[in-house]
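Hello,

Here is the structure we spoke about.

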Amino acid sequence: MSTTTPDPWAPLPRDFYRRHPAEVAPELLNKLLVHDDGRAGRIVEVEAYAGAEDPAAHSFRGQTPRNATMFGEPGHLYVYFIYGLHWGSNAVCGEVGEGAGVLLRAIEPIAGLERMRALRPAARRDRDLANGPGKLSQAMGLTRAHDGADLVTGDRGVRIVTDGMPPPAEPRIGPRVGISKAIDFPWRWRTPLG
DNA sequence: GCACCGATGTTCT
DNA sequence: GAACATCGGTGCA
């Protein structure tokens, strides 16, 4: 074909992530988290976690086996286990060694809903499939096995792509939730209706 | 709709 | 031991 049809789901380039997480986070809104098996959701809520400057970040006290992925190449997935029950998923940001990331807090499911329902038996309504960091990870099947996955190349079946929808012009901004330090940082962003 | 609370295991003090 | 980037059930409005 000589006339080009833009890939409707174009991956975000590595350099998209190579910035401060508070700059990357609002731009991740309305992007798509997709799985090779057809599951996909639109990112509607995120939080930024910086490194040494952010007491609430897992990376604040330096690199450990648990948070090593955060200190690696941007554009990879950092998955952590929390409260003995749940997984949380982040996009690594900034430069190598910085320890920055964006916590993916909620997606609006747009494809592969049946698979998500199977993975989320506790969800009584589709709106509860992925409206929280643990629920999002469960609905997308993200666990320790995906820690370090490359979101740019999709080496483990998961990527973040764009369908051309821009981030919201006026996202809702507020403090991060579930933390006890740096509770005043306005580093949580949501789409206006999400 | 909202407030409270137990579950469960890894990490760090 | 304590804290933890949470969730789902229960009780009440």
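The notes below cover the nonpolar cores, then one serine and the hairpin around it.

This is a predicted model, in which local features need pLDDT of at least 70 and side-chain atom pairs count only at pLDDT 80 or more, while totals for chains, interfaces and linings use all residues. Residues are numbered from 1 along each chain as its sequence is written, chains are lettered from A and ligands numbered from 1 in the order in which they are written, and side-chain values use heavy atoms, without hydrogens and water.

A nonpolar core is a set of buried Ala, Val, Leu, Ile, Met, Phe, Trp, Tyr and Cys residues joined through side-chain atoms within 4.5 Å; buried means under 20% relative accessible area with a 1.4 Å probe, protein chains only. The largest core has 36 residues, and Leu-33 and Leu-104 are among those that touch the most other members. A second, separate core has 10 residues, including Tyr-49 and Met-70.

Ser-89 lies in strand S5 (residues 86-93). This serine counts as buried because its relative accessibility is 0%. Its side chain makes a polar contact (N or O atoms within 3.5 Å, one able to donate a hydrogen and the other to accept it) with the side chain of Ser-137, at 2.9 Å.

S5 pairs with strand S4 (residues 77-82) in the antiparallel sense over 6 bridges; pairing requires at least two bridges found by DSSP. Ile-82 has His-86 in S5 as its bridge partner. The hairpin has 3 residues between the strands, and Tyr-83 takes a positive phi near 60°.

Regards

Definitions and conventions:
Buried < 20%, exposed > 50% of the residue type's maximum accessible area, 1.4 Å probe, protein only. Helix = DSSP H or I, 4+ residues; strand = E, 2+ residues; numbered from the N terminus.
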